[in-house]
Amino acid sequence: MTIKAFVIGHPIAHSRSPLIHGAWLAQHHIDGSYEAIDVAPDHLPAFFDRLRAGEFAGGNVTIPHKEAVFALCDSVDPLATTIGAVNTLVVRDGKVHGTNTDYLGFLGNLDAGAPGWSDGGRPAIVLGAGGASRAILVALRSRHIPVILLNRTRSTADRLAAEIGGDIRTGDLSDFNALAPLAGLVVNTTSIGMHGSRFDGFDLGQLSPGTLVTDIVYAPLVTPLLADARARGLPVVDGLGMLLHQAVPGFAAWFGIRPEVTPALRTSIEATL
Ligand code: ATR
């Protein structure tokens, strides 16, 4: 019997997930399918009825449903609750379980792109305290990496730090230059690079040699932050790998095989950006 999976969103045409999962299905000769389904918010409960009826093994959830699905799932992973978003559904015995694989995608991307990155015990500077920051903070907490959380609006960073817990100190973006020498990693979780903008007044020359710089945005692939870091000879990892690696646990849960993020897969997705 064909095993079926999906990504639901509204709109959904832009999603690259069908390309990623389609490539893995073909590579492993699996009798399965992965389709993009446009589900309007009003139709989400009816879609969950289809899930409970066993039509699908599971799937991904994207904008605007990542928060709304909480109330519809039969169970939700505690980490997804902390992150505040469900991006992956797994159906077992007529019950729908919600989880979040973004934090694993973040870790998988850095582990592949910069092996040993978390070994030094140096703090990570995380830029931004919005929705996307939560998965990164959970990821860093899971590796016991101290965090310096800098945000334009300091009070938002303070609230988020208190909520996530663990070793997080907070500051303003204007604190970057003073704190930069301490960092072993810099992560941009804001959307500031998407339109070619830079952080005002940041001097990447204050970072210690070897400090890894990463951005979770992948369009453009090389954000101004990554370009500036590269120009200074710092190691960088772009955000496309996070998209690819977050897909691995879902595929494994639905289709029973843990797929690999190969250079060929990356190249094929990069060609669509
Ligand atoms: P997402 O869910 O994608 O993370 P968000 O919740 O709107 O989006 O969060 C956006 C983050 O980017 C916030 O940390 C925001 O800072 P504020 O809390 O001060 O709003 C940050 N951000 C957005 N635009 C920014 C800009 N031009 N300069 C600096 N920070 C910016």
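This is a predicted model: local features need pLDDT of at least 70, side-chain atom pairs count only at pLDDT 80 or more; totals for chains, interfaces and linings use all residues.
Residues count from 1 along each chain as its sequence is written. Local features need pLDDT of at least 70, side-chain atom pairs count only at pLDDT 80 or more, and totals for chains, interfaces and linings use all residues.

Me: Is Lys66 buried or exposed?
Reply: A residue is buried if 20 or more other C-beta atoms, placed from the backbone, lie within 10 Å of its own, exposed if 12 or fewer, and partly exposed in between. Lys66 has 21 other C-beta atoms within 10 Å, so Lys66 is buried.

Me: Which residue does UniProt give as "active site", and where is Lys66 found?
Reply: The unreviewed UniProt entry places this feature at Lys66; such annotations may be inferred rather than shown by experiment. Strands are DSSP runs of E, at least two residues, and helices are runs of H or I, at least four, numbered from the N terminus. Lys66 is found in the loop between β3 (58-61) and β4 (75-76).

Me: What is the strand order in the open sheet of six strands?
Reply: Two strands pair if DSSP finds at least two bridges between them. The pairing here is parallel. The edge strands, β9 (168-172) and β12 (236-237), each pair on one side only. The order is β9-β8-β7-β10-β11-β12.

Me: Which residue in β9 is the bridge partner of Leu150?
Reply: Strand β8 (residues 147-151) pairs with β9 in the parallel sense over five bridges. In β9, the partner of Leu150 is Gly171.
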